[in-house]
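Hello,

Here is the structure I promised to pass on to you.

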Amino acid sequence: MTIRSQGPRPIRVGGRKKQLGPLHWALLISVGLNVVLLATRGGGDESPSEATPEAVTELDDPIGMPTPEEPTDGATGEAASDDDDSAPGMVAMAEGEAPAKFAKITINGPVSRGFVKAVGSPEGDRLALTVSRILVWNLNLTKDPRPGDVVEVLYRVNPEDEVDIDVLAVRYESEKFGKTFESWQYAPEGWKYPGWFDADGREVAAFLTDGPIKDYQQITSLIGDGRGHSGMDFKAPVGTELFAPFDGTVTRTNWKWKYNGNCVELRGSDGRTAKMLHLSGLADGIKPGSKVKAGDPIAMSGNTGRSFAPHLHYELSSSSGRTLDPVDEHTTKHRLLGGADKAGFATAVAELARRMDGPGSGE
Ligand SMILES: [Zn+2]
């Protein structure tokens, strides 16, 4: 497939961002969201090294918007129901839940087009977006797919969430890496939201152990993901508690409200600056000049300013103003399921795999 991390459209649009009119914004948003799916942190031989433009520091991109893109013949897609050998099609879930669906595509072009071809638009675009965010820790969907790679997804469309698809399981068979990456959704004991885990019960995404947010639904954007986006985004409901990432002093709040919404900036003793945007509010007593310790409550996430879905935009910069990657700056780990979850996880994976592999194979 074509390699597009530095593809022509994002570059062209980015170069014009100083003269953006409404139409350009629409295009930028569309392109940016398309690119975010297909870019970012690979688990393999290349790291996202292109410099992140800093001009958009204050202009947080929306997250999670469907990517309008016309289906083309760039990929082959197989809807569940016409796949003889493996597709279970619609699978009834627990009472009251939307039915699970299954999609399987064989890569032969841009991944998002494969999904659109398989399940239509806009569902295919939304599915590609969510899947790309799950897979991003294993492979870069812009650079790493090879023709013939197979991606299988079990998912539900949640009528209450018009942005994201509820992805229950993903399997990606990669020729480049010579292995199949698996991500199984599971809700561990004590977690507010489910996460995605590999077959060994290791969380696929990295967790910032000393980061600003503990409970979130998904990391939806990373530095260097091709959007010219200078922050890391966490999808989280309005009102989610946020914490100071280091000791420091609050330098300003609620500037450029039109873009940033409610926001707070913290300067650490080492000169680093942290910004949190689109907040629903600040913690009690937080105002310019406030001293905080790492881990102190500082704000609540929200959906204010230029934000199209509830999320935290978290941005770090050096004393000279250079954008820093929170994944590098923070201590990270991939959380492991503990003993209490082992049996439940094994059962959940077996059930999801049964649904992916179809009736007759596991019943
Ligand atoms: Zn952001």
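**What I found**

Trp137, Phe234, Leu242, Leu266, Met276, Ile298 and Leu312 touch the most other members of the largest nonpolar core, which has 33 residues. A nonpolar core here is a set of buried Ala, Val, Leu, Ile, Met, Phe, Trp, Tyr and Cys residues joined through side-chain atoms within 4.5 Å. Buried means under 20% relative accessible area, with a 1.4 Å probe and protein chains only. At least two residues of this core come from each of strands 7, 9, 12, 13, 15 and 16; strands are DSSP runs of E, at least two residues long, and helices are runs of H or I of at least four, both numbered from the N terminus. A second, separate core of 22 residues includes Val167 and Trp196.

Please keep in mind that this is a predicted model: local features need pLDDT of at least 70, side-chain atom pairs count only at pLDDT 80 or more, and totals for chains, interfaces and linings use all residues. Residues are numbered from 1 along each chain as its sequence is written, and side-chain values use heavy atoms, without hydrogens and water.

Now to helix 4, residues 123-135, where you will find threonine 130. The helix is mostly covered, with 13 of its 13 residues buried. Threonine 130 itself has a relative accessible area of 2%. Its side chain reaches the backbone nitrogen of isoleucine 165 at 3.4 Å. Beyond its neighbours within four places in sequence, threonine 130 is in contact (heavy atoms within 4.5 Å) with Asp164, Ile165, Val167 and Gln218.

Best wishes

Key: Buried < 20%, exposed > 50% of the residue type's maximum accessible area, 1.4 Å probe, protein only. Polar contact = N/O pair within 3.5 Å; in protein donor to acceptor, adjacent residues only side chain to side chain.
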